[in-house]
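Here is a short tour of the spaces, the cores and the ring pairs of one protein. Keep the sequence and the 3D view open as you read.

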Amino acid sequence: MTDFILNTWAALPSYARSTFWILVVTVTVILSVAFTTLWERKVIGWMQLRKGPNRVGSIFGLVPGIFQPFADVIKLLLKEVVIPSASNKWLFRIAPAITLIPAFAAWAVVPLDPNLVIADIDAGLLYVLSLTSVGVYGVILAGWAANSKYAFLGAMRSAAQVVAYEIAMGFALVGVVMAAGTLNLGDIVRAQAGGSSNWFVIWLFPLFVVYLISGVAETNRAPFDVAEGESEIVAGFHVEYSGIAFALFFLAEYANMILISALTAVFFLGGWLSPFEGLLGSSHPLGEPGFHWLFAKLFFFLTCFMWYRATFPRYRYDQIMRLGWKILIPVTLVWIVVLGVMVHLQVGPWAA
């Protein structure tokens, strides 16, 4: 039976195999987004000595509240989507999709395993940067199409913040390209092979910190959530949205959190490479690369997003702009110069 399945799989055309993996990755990301909302509420509840959701279902008495994400989805699907009469109705409807679709499409080039990537393209990093930049258009359109001053103000604040931190994020990834010598995400992971001492997080640590901070700001997460500062602008750019249209913005936020966590692991922590590579012998199972290592690193950074939310107060808008333009961008520029000198002099991992 196994041989029949393998032979049938090998006989399928490449587009059929790609379509299968697209469906698998898309469904997995959707389910991951749903359970990330539950995990966040549980983590913050534990930090605040609460239990979090614990009423909607459990599995054999374990993980109380496990079905809470599905209850939330059903509730939002049943709510009416109210469209303001003075709004641009077509743009109002399409704005959530423009925010959500790029967060899913970017997974096409993320290497999940040494042998598994949907589209192994040489310009994968440029593809990711372009898609992560598209999401801001959905935010701007949502604020403008609603024909509400509150929504428009929130959209402008969010757009200015995202642009500022996209520049810092882009410069941080310039250092990754210099270190790896390629734009292919799989090759970037392979360039870090040889053990955890070769991971870029060590030699590009300032760029790693800048990328992580910029990723939090890009997703409008606390403490950079000025776009939805309830006490200031009545929920920001999505103030006029309700029901499932409102939920799509939060699906996009959580999908982007998962994506940024995965990309941080790929760019700086060796992706699917094992941290025990070269330490336990070539045949030890803990030294073997695989998706489980990428998942562990992704899960760690995803939990950090929730940790930040429970720990830090929201920054003022002027503080956010100052951090992006006057601190993070200069840090990346300086370290790119330092990195160029290290590569030229063949210092550290470039000694060979």
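Predicted model: local features only at pLDDT ≥ 70, side-chain atom pairs only at ≥ 80, totals over all residues.

Residues are numbered from 1 along each chain as its sequence is written, and side-chain values use heavy atoms, with hydrogens and water left out.

**Ring pairs**

A pair of aromatic rings is described by the distance of the centres and the angle of the planes. Rings of Phe, Tyr and Trp (its six-membered ring) pair if their centres lie within 6.5 Å; planes under 30 degrees apart are stacked, over 60 edge-to-face, and the rest tilted. By this rule there are 21 aromatic pairs. One of them joins Tyr-211 and Phe-267: the centres are 5.8 Å apart and the planes stand at 85 degrees, so the pair is edge-to-face. Tyr-211 sits in helix H9 (residues 205-218) and Phe-267 in helix H11, so the pair ties together parts that are 56 residues apart in sequence. Helices here are DSSP runs (H or I, at least four residues), numbered from the N terminus.

Phe-291 and Phe-295 form a tilted pair, with 6.3 Å from centre to centre and 40 degrees between the planes. They are four residues apart in helix H12, so about one helical turn separates them. Phe-291 has 41% relative accessibility and counts as partly exposed. Phe-295, at 44%, also counts as partly exposed.

Ring pairs also link a cluster, including Phe-205, Phe-208, Tyr-211, Phe-267 and Phe-268.

**Cores**

A nonpolar core is a set of buried Ala, Val, Leu, Ile, Met, Phe, Trp, Tyr and Cys residues joined through side-chain atoms within 4.5 Å. Which members of the largest core touch the most other members? They are Trp-107, Tyr-211, Phe-267 and Phe-268, out of 70 residues. H11 gives the most to this core, with 12 residues. Apart from it lies another core of 14 residues, among them Leu-91 and Ala-245.

**Cavity and pockets**

On a 1 Å grid over the protein atoms alone, a cavity is a set of points where a 1.4 Å probe fits but cannot get out. A pocket is an open set with protein on both sides within 12 Å along at least five of seven lines, and lining residues have an atom within 4 Å of a point. One cavity of 30 Å³ or more is counted.

| Space | Volume | Top contributor to the lining |
|---|---|---|
| Largest cavity | about 320 Å³ | H11, seven residues |
| Largest pocket | about 840 Å³ | H2, eight residues |
| Second largest pocket | about 470 Å³ | H2, nine residues |

The largest cavity is lined by 22 residues, and among those nearest its centre are Thr-99, Glu-218 and Asn-256. The largest pocket has 31 lining residues, with Arg-41 and Asp-72 among those nearest its centre. The second largest pocket has 19, and Phe-291 and Phe-295 are among the closest to its centre.

Key. Points joined across faces, edges and corners; volume = space filled by probe spheres on them. Helix = DSSP H or I, 4+ residues; strand = E, 2+ residues; numbered from the N terminus. Buried < 20%, exposed > 50% of the residue type's maximum accessible area, 1.4 Å probe, protein only.
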